[in-house]
Every structure is written in structure tokens, then in C-alpha cells.
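Q: I am new to this structure. Can you walk me through how to read its features, one at a time?

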Amino acid sequence: INIIFNNKLINFSRIKKLEKNYNYIFIEINLNNKLKNKKIINNINKKILILKPNLINIKNTINILEKNKINKYKIIINNYNNYSIDEKIIKNIFKKNKITGKINYKKEYDELINNNFKISENNLKKLLKDINDIEI
């Protein structure tokens, strides 16, 4: 797994080059760069929405979807915990699109991020178990 951070992913041509080496490329889009978002969104064949199940993220996601006229996509619920918006409510909000998986929150994910993605192979295997069940 290679991780490419948003600030290093400069242009669309770089994305096209990455397609040759990877089956999946995850790109975080935001509300501030409409032109870049539109170009990326219009040129990908599978759209998978990784959604944090809280009110702010759901509102921002709906805004991005509407502004970019995105209709067909799959959803993965990320960081699901006791305080998250209920999965049934999320399914109701995004009615037409399939929820393909849910990743429960684990403190180890924060450890992974906070340690700059340096993690032992053993711990990585444990974390990836959650992701293996997701249908892409």
C-alpha cells in the first residue's frame, strides 16, 4: 500500500500515470477546488465515497456530491463508533447508492496516522483485516 497525500498529488497527469501501477487510487476531494474535483471525478470509472459518519462530514459530502453532480457511487463508512450517526440513517440519506462496507473505529488507526504510517507488519495485518471484507 502506498499512501499519497493530497499536497503531493499536484496534477491530473500524475493521477493518469499512477493508474498504470495501481488497481485503486484514493483521492480526497474538497470543496475549495471545484475545477480539479470536476476533472478528477469525470475521469474515474469507480467512485467510492469514504464517509465519516458525523453530521459535519455528511453535510460536506452532500455538498460535494451536489456541486460535482455525482450520482452513482459506493459508500464505505469509516471510523464508525458509538457516537456515529446510525447506519440506517446514512442508508436513508444516500438511498440510491450502496453501502459496501463499514470500518469500525480503532485507536490503532490513530496510532498509525500519528506515527507517520510506520507500523509493524504484524499490526498492519491486524488493521487490514477490517478492510478485507469491503466489497469494491
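A: Start with strand 2, residues 74-80. Five of its seven residues are buried, so the strand is largely enclosed by the rest of the structure. Keep in mind that this is a predicted model.

Q: How do strands of a sheet pair?

A: They pair through backbone hydrogen bonds, and the pairing is either parallel or antiparallel. Now take the case here. Strand 1, residues 48-51, runs parallel to strand 2, and four bridges join them.

Q: Which residue of strand 2 is the bridge partner of Leu49?

A: Ile75 is the partner of Leu49. Ile75 also has a bridge partner in strand 3, namely Ile99.

Q: How does the chain cross from strand 2 to strand 3?

A: The path goes through helix 4, residues 87-93. This β-α-β crossover is right-handed.

Q: What do strand 1, helix 3 and strand 2 make?

A: They make a right-handed β-α-β unit. Helix 3 spans residues 55-67.

Q: What is the order of the strands in the sheet?

A: The order is 1-2-3, in an open sheet of three strands with parallel pairing. Strand 1 and strand 3 stand at the edges. Each has a single partner strand, so one side of each is left without a neighbour in the sheet. From one strand to the next, the twist averages 15°.

Q: Where in the chain do Glu87 and Lys102 sit?

A: Glu87 is in helix 4 and Lys102 is in strand 3. They are 15 residues apart, and the pair links distant parts of the chain.

Q: Is Lys102 buried, exposed or partly exposed, and why?

A: Its relative accessibility is 33%. Buried means under 20% and exposed means over 50%. Lys102 therefore counts as partly exposed.

Terms used: Residues numbered from 1 in each chain as written. Predicted model: local features only at pLDDT ≥ 70, side-chain atom pairs only at ≥ 80, totals over all residues. Heavy atoms only, no water. Buried < 20%, exposed > 50% of the residue type's maximum accessible area, 1.4 Å probe, protein only. Helix = DSSP H or I, 4+ residues; strand = E, 2+ residues; numbered from the N terminus. Pairing = 2+ DSSP bridges. Right-handed = clockwise from strand over helix to strand, strands pointing away. Axes fitted to C-alpha atoms, helices over the stretch in contact; angles between N-to-C directions.
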